[in-house]
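Work through the exercises below with the sequence and the model side by side, and try each task before reading its solution.

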Amino acid sequence: MTKLSSFDSIAPLYDLFASLFRRRIPEQIASRLQPGDRDMVLDLGGGTGYNSARIEGACRRVIVLDISFEMLRHAKKYQNLGLVVGDARKLPFKPKTFDVILAVDSIHHIGDYTGVLREVGRVGKHKLLVAEFCGRTFLGRLLTTLERFFFPVVYMRPDDFCRDASRLGIPGAYDYISGFEYFFLGRIQESVP
């Protein structure tokens, strides 16, 4: 079987999957992120806008960036989201544009953690919230194995992620939200090396 090169082929089913298996994630994002009504939010690799649509009422504006045209086409159903096709390793935004940057289950599909974190530090002002998989349990190992079967992925352990983010000017901490996933909340510093 050939690995899928993008999420284009699963875009029509992504929101259904999210509503069945990821329905509590937007609420967990909002409770940790606490977006303000003046915040500009970037949803990095935000796909169909499933998570963004559930927090957009709490902030000034949410921009969903994704490399998949098809995922963003499906995001058009959420009328208040800004949609941008782009690569998270080379963000098409000016420095310090966003108050908050969100990356849910996306960086491991990009694989270049350092490149993404550098760009986050460049375009972000205050907070970064990341949700990533970590195969530390049987279910986690099963899910990461399935993802590896279908997609090119690179996983990073939460301790390593925290260390690299801090080294790049985004210190923070993580906590597990399930047996196979963690949230990292970091504060973007003034200057990133």
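**Exercise 1.** How many of the residues of helix α6 (residues 113-123) are buried?

*Solution.* Before counting, note that this is a predicted model, in which local features need pLDDT of at least 70 and side-chain atom pairs count only at pLDDT 80 or more, while totals for chains, interfaces and linings use all residues. Residues are numbered from 1 along each chain as its sequence is written, and side-chain values use heavy atoms, with hydrogens and water left out. Helices (H or I, at least four residues) and strands (E, at least two) are DSSP runs, numbered from the N terminus. A residue is called buried under 20% relative accessible area, exposed over 50%, and partly exposed in between, with a 1.4 Å probe and protein chains only. By this scale, 8 of the 11 residues of α6 are buried, and the helix is mostly covered. Those buried residues are Tyr113, Gly115, Val116, Leu117, Glu119, Val120, Gly121 and Val123. They pack against β1 (40-44), β4 (98-104), α5 (107-110), β5 (124-133) and α8 (158-167), where contact means heavy atoms within 4.5 Å.

**Exercise 2.** Find glutamate 147 and decide which residues it touches, not counting residues up to four places away in sequence.

*Solution.* Begin with its place, which is in helix α7. Next consider its cover: glutamate 147 counts as buried because its relative accessibility is 15%. Its contacts, counted as the task asks, are His108, His109, Phe133, Val153 and Tyr155. For one of these, histidine 109, the separation from glutamate 147 is 38 residues in sequence and 9.4 Å in space, C-alpha to C-alpha.

**Exercise 3.** Is phenylalanine 150 buried or partly exposed?

*Solution.* Phenylalanine 150 lies in helix α7, which spans residues 138-150. Phenylalanine 150 counts as partly exposed because its relative accessibility is 31%. Together with Phe138, Leu139, Leu142, Leu146 and Phe149, Phe150 forms a nonpolar patch on the surface, with about 590 Å² of accessible area in total.

**Exercise 4.** How many aromatic pairs does the structure hold?

*Solution.* Rings of Phe, Tyr and Trp (its six-membered ring) pair if their centres lie within 6.5 Å; planes under 30 degrees apart count as stacked, over 60 as edge-to-face and the rest as tilted. With these limits, the structure holds 5 aromatic pairs. One of them is edge-to-face and joins phenylalanine 93 to phenylalanine 98, at 4.9 Å centre to centre and 85° between the planes. Both phenylalanine 93 and phenylalanine 98 are buried. Tyrosine 174 and tyrosine 182 also form an edge-to-face pair, with 5.9 Å centre to centre and 70° between the planes. Of these two, tyrosine 174 is partly exposed, with a relative accessible area of 27%, while tyrosine 182 counts as buried at 0% relative accessibility. Finally, Tyr113, Phe161 and Phe184 form one aromatic cluster.

Terms used
Patch = residues over 30% accessible without salt bridge, like charges linked within 9 Å, V, L, I, M, F, W, Y side chains within 5 Å. Areas by Shrake-Rupley, 256 points an atom, 1.4 Å probe, with all protein chains shown as cover. Salt bridge = Lys/Arg side-chain N within 4 Å of Asp/Glu carboxyl O.
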